[in-house]
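This report describes the fold of one chain and then looks at a few of its residues. The sequence and the model are shown first.

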Amino acid sequence: MQKRMPYMSADDFSVHDDDCEKQESDWMPLSDLPDEVTSIDDLDCECWADYESLSEI
Ligand SMILES: [Zn+2]
């Protein structure tokens with residue numbers, strides 16, 4: 001699977017997949033996931049539902 005670029009929402013600092021349907025123009029691309037994210041369960045949005053582990057991101 002191709003690596004995806006995660007994005008962070010400027011509103012609530014939530015992290016999303018690059019094809020999240022909620023994506024807005026002010027979201028910031030992240031080169032790496034934030035340190036606070038230690039498991040796939042830390043990513044709340046359903047755009048991550050297709051992922052099984054952080055190593056896929
Ligand atoms: Zn999302």
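## Burial and basis of the model

Of the 57 residues in the chain, 16% are buried. A residue counts as buried if 20 or more other C-beta atoms lie within 10 Å of its own, as exposed if 12 or fewer do, and as partly exposed in between, with C-beta atoms placed from the backbone.

The model is predicted: local features need pLDDT of at least 70, side-chain atom pairs count only at pLDDT 80 or more, and totals for chains, interfaces and linings use all residues. Residues are numbered from 1 along each chain as its sequence is written.

## Overall fold

The chain has 0 helices and 3 strands, and its pattern along the sequence is β-β-β. The radius of gyration is 10 Å, close to the 10 Å that the globule rule gives for 57 residues, so the chain is as compact as a globular protein of that length. Helices (H or I, at least four residues) and strands (E, at least two) are DSSP runs, numbered from the N terminus. The radius of gyration is taken over C-alpha atoms, and the globule rule is 2.2 Å times the number of residues to the power 0.38.

Along its principal axes, the C-alpha trace spans about 25 × 20 × 20 Å. Two residues are in contact if their C-beta atoms, placed from the backbone, lie within 7 Å. Among contacts between residues at least 6 apart in sequence, 30% join residues at least 24 apart.

## The sheet

The 3 strands form an open sheet in the order E2-E1-E3, with antiparallel pairing. E2 and strand E3 (28-29) stand at the edges with a single partner strand each, so one side of each has no neighbour in the sheet. Two strands pair if DSSP finds at least two bridges between them.

E1 and E2 are joined in the antiparallel sense by 2 bridges. Across this pairing, Met8 stands opposite Val15 in E2.

## The two loops

Phe13 is found in the loop between strand E1 (7-8) and strand E2 (15-16). Its phi is near 65 degrees, a positive value in a residue other than glycine. Phe13 is exposed, with 10 other C-beta atoms within 10 Å.

The loop between E2 and E3 holds Glu21. Glu21 is also exposed, with 9 other C-beta atoms within 10 Å.

## The segment after E3

Ile40 has its place in the segment after E3. Is Ile40 buried or partly exposed? Ile40 is partly exposed, because 15 other C-beta atoms lie within 10 Å. Leaving out residues up to four places away in sequence, Ile40 touches Trp48, Tyr51, Glu52, Ser53 and Leu54. Ile40 and Ser53 are 13 residues apart in sequence, and their C-alpha atoms are 5.6 Å apart in space.

Tyr51 lies in the segment after E3 and counts as partly exposed, with 15 C-beta neighbours inside 10 Å. The C-alpha atoms of Tyr51 and Ile40 are separated by 7.6 Å, with the two residues 11 residues apart along the chain. Neighbours within four places in sequence aside, Tyr51 is in contact with Ile40, Glu56 and Ile57. Glu56 is placed in the segment after E3 and is partly exposed, with 13 other C-beta atoms within 10 Å. Between the C-alpha atoms of Glu56 and Ile40 the separation is 9.8 Å, and these residues are 16 residues apart along the chain.
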